[in-house]
Amino acid sequence: MPTRTINQKEIDFDDEGFMTNHLDWDLEIAKAIASDEGVSELTDRHIVVLEFMRKEFAEKGTGPTIRRLTKESGVPTKELYALFPAGPAKKAAKIAGIKKPVGCI
Amino acid sequence: MNTPDSTPEKIKKVSIVISKGSLEGVYPGLIMANGARMEGIEANIFFTFFGLYTILKDYQDKIRIATVGNPAMRVPNAKGFPLPTLLGALPGMSAFATSMMQKEMEALDIPPIGEFVEMISDAGGHLYACKATVDMFHLNPDDFVPQMEKVLTVGDFYEMAAGGEIIFT
């Protein structure tokens, strides 16, 4: 299991690059992962998405579907894809420090 | 050069043809197109023949499961007994089976067709109608949902699909 030191913290990732413990997450870590994933800046709108994903994950043990995410976070589909252009499902989950999404939708 | 150990190149673009107008004919293509966009893969959908009902505004929410001619169909659930063709032909059977399946889909957050089409379009997927079918069915632009971008000939379709995979459903 790969480990990286970000902001003086040892962070564990799985083989696909998802954090194994979402509780290790903080904004500095998010920024570091985001820049690896080609998201150069985390705006307030990115943070809205990340926090919604983290809240869902904490409650349900899995990230939200894109449909739930757009309906409940207040970030519409078009904007979500603009925020995470190379595919919102996995990118946002990686940056949010949660596990890989399991649904097909 | 690909060596046996190298990771295969990622899929960058898919063009999906939806040719059937039953619920089970329409959803797989929509799910694949939406899933492509979720992964950052460029996605086009070309609706042809009865698949065109998916993007006809007055008909898209009337799409149903085929309960006749579907030997894999079981009731009351996927592990139940095979539905005899004659029972499948009873009035209301298709509507009933459709509403059962819609409940299961809603639980998985799979949207109804109209909403799904909108979602794929908002996600940057492109939706096209087949010219031959549009002519054959005597359709005009007003018949379509606004997400339908353009009516394409088969030649236009191949041009648009260049450089990607084509999936026929």
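How many helices and how many strands does chain A have? In this predicted model, in which local features need pLDDT of at least 70, side-chain atom pairs count only at pLDDT 80 or more and totals for chains, interfaces and linings use all residues, chain A has five helices and two strands. Residues are numbered from 1 along each chain as its sequence is written, while chains are lettered from A and ligands numbered from 1 in the order in which they are written. Helices (H or I, at least four residues) and strands (E, at least two) are DSSP runs numbered from the N terminus, and from that end the elements of chain A follow the order β-β-α-α-α-α-α.

The C-alpha trace of chain A spans about 35 × 30 × 20 Å along its principal axes. For 105 residues a compact globule would have a radius of gyration near 13 Å, and the 13 Å of chain A agrees with this; the radius is taken over C-alpha atoms, and the globule rule is 2.2 Å times the number of residues to the power 0.38. Of the 105 residues of chain A, 33% count as buried, a residue being buried if 20 or more other C-beta atoms, placed from the backbone, lie within 10 Å of its own. Contacts are assigned where the C-beta atoms of two residues, placed from the backbone, lie within 7 Å, and among those in chain A with a separation of 6 or more, 51% are accounted for by residues 24 or more positions apart.

The two strands of chain A, β1 (residues 3–6) and β2 (residues 9–12), pair in the antiparallel sense over four bridges, where pairing requires that DSSP finds at least two bridges between the strands. Together β1(A) and β2(A) form a hairpin with two residues between them, and N7(A) in the turn has a positive phi of about 55 degrees. Within this pair, T5(A) stands opposite E10(A) in β2(A).

In chain B, five strands form an open sheet in the order β6-β5-β2-β1-β7, with parallel pairing. Strands β6 (148–152) and β7 (165–168) of chain B stand at the edges with a single partner strand each, so one side of each is left without a neighbour in the sheet. Strand β1 (residues 13–18) of chain B pairs with β7(B) over four bridges in the parallel sense, and I16(B) stands opposite I167(B) in β7(B). Helix α1(B) lies across β1, β2 (42–47) and β7 of chain B and runs at about 165 degrees to β1(B); axes are lines fitted to C-alpha atoms, for helices over the stretch in contact, and angles run from 0 to 180 degrees between N-to-C directions.

The contact between the chains takes 15 residues from chain A and 14 residues from chain B. On the side of chain B that touches chain A, α1 (23–38) and α4 (113–122) of chain B each supply at least two residues, and α1(B) gives the most, with four residues. Helix α1 of chain B also holds N34(B), which counts as buried because 23 C-beta neighbours lie inside 10 Å. Apart from its neighbours within four places in sequence, N34(B) is in contact with I105(A), F116(B), M119(B), I120(B) and A123(B).

Definitions and conventions:
Buried ≥ 20, exposed ≤ 12 C-beta atoms within 10 Å, placed from the backbone.
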